[in-house]
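Me: I'd like a close look at one part of this model. Could you walk me through it in plain words?
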Amino acid sequence: MSTTIVKPAGDAESPRAGIAFGLLAAVIWGGFLVVSRHGVVLGLEAVDIAFLRYVPAAVLMLPLLLRQPGRGELRQLGWLKPLILAALAGPLFLVVGASGFYFAPAAHAAVIQPGGMTLTSVCFAAILFGERLTLAKMTGLALLVAGLVAIAGPGILSGQSEAWKGDILFAIAGTMFAAFTILVRRWRVGAWTSTAIVSGLSGFLFGPFYLLVWGPERLLAAPLPAILEQVIVQGILSAVVALYAFARAVHHLGPGRASFFPAMAPSMAIMIAIPVLGELPSVVQWTGLAFATLGLVIALRRPARIPAPT
């Protein structure tokens with residue numbers, strides 16, 4: 001006999017709150033892309049960044065997992081559902097996406113992973129939750145993908161003969177996060193609980209595995225400011241604050257509309273890279289940013305209500 005997790009009282013859906021939470025998550029994930037690139041430049045690898053992302057987050061979220069309400073939700077979920085959520089949005093998600101770079105250029109990832117995630121979320125939200133595939137939503141999705149293609153630039157047309165392997169990995173990563181988005185809503189998992197599950201299980205399972213297989217040598221060799229930068233942006237802001245904000249956006253907007261916000265991360269990264277890395281976007285990238293933003297605005301518009309006949 002299945003058990004349904006009841007929403008807390010006074011937690012009514014609010015589209016404005018959902019948009020605010022979604023934008024917060026998109027900005028933080030844009031910063032995550034910039035900081036991840038900075039870490040790679042300094043000699044860190046994807047597994048190092050995953051360790052710095054999930055282990056501090058696990059320590060931070062441990063008290064939430066141990067408190068009484070958190071334990072109650074976990075008991076209702078059982079043991080399999082938390083493992084599935086952690087697998088879909090945890091280190092495995094990062095490793096699958098990062099592995100695509102061995103075969104395909106970054107420009108492919110900037111389009112396929114977020115675009116595929118949004119498309120998958122919209123389709124499954126329509127099938128499972130009855131969210132309407134409105135003209136506005138489909139137009140917004142088309143503009144968003146066009147904007148991502150423009151942001152990626154000519155690199156989207158480049159790639160080796162095995163680039164298709166990387167594209168498949170990017171698509172799998174996007175589908176994984178889309179599944180996480182859908183399941184959080186379908187299983188009615190609270191925002192803090194879903195964040196604690198992903199961060200806690202990921203950190204406590206991946207941390208010992210990382211130390212056993214790769215060891216801490218690269219972390220010890222990296223400059224301390226770079227480590228602190230990764231811990232703050234990856235472990236606190238991205239793994240905790242952004243994931244919580246996105247779960248709140250899913251609650252307020254539904255998985256279909258909320259899925260547009262992670263796809264805005266490349267656009268946010270372009271804006272953040274201007275002051276942080278001193279990189280100025282090209283005219284084409286500015287155009288892509290405008291298209292992606294317009295697509296988000298159109299997709300999030302509430303459908304007009306048809307007045308009741310008098």
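Which residues does Leu169 touch, not counting residues up to four places away in sequence?

Reply: Leaving out residues up to four places away in sequence, Leu169 touches Val96, Ser99, Gly100 and Phe103; touching, or contact, means heavy atoms within 4.5 Å. Before we go on, this is a predicted model, where local features need pLDDT of at least 70 and side-chain atom pairs count only at 80 or more, while totals for chains, interfaces and linings use all residues. Residues are numbered from 1 along each chain as its sequence is written, and side-chain values use heavy atoms, with hydrogens and water left out.

Leu169 sits in helix α8, residues 163-186 (helices are DSSP runs of H or I, at least four residues, numbered from the N terminus). Leu169 and Ile112 are 57 residues apart in sequence, and their C-alpha atoms are 9.4 Å apart in space.

Ser199 is buried, because its relative accessible area is 0% (buried means under 20%, exposed over 50%, partly exposed in between, with a 1.4 Å probe and protein chains only). The Ser199 side chain reaches the backbone oxygen of Ala239 at 3.1 Å. With the neighbours up to four places away in sequence left out, Ser199 touches Tyr54, Ala57, Ala58, Met61, Ala239 and Val240.

Helices meet each other too: in α13, Ser267, Ile270, Met271 and Ile274 meet Gln285, Trp286, Leu289 and Ala292 of α14. The residues of that contact divide into six nonpolar, two polar and no charged (Ala, Val, Leu, Ile, Met, Phe, Trp, Tyr, Cys and Pro count as nonpolar, Asp, Glu, Lys and Arg as charged, and the others, Gly among them, as polar).

Key
Helix = DSSP H or I, 4+ residues; strand = E, 2+ residues; numbered from the N terminus. Polar contact = N/O pair within 3.5 Å; in protein donor to acceptor, adjacent residues only side chain to side chain.
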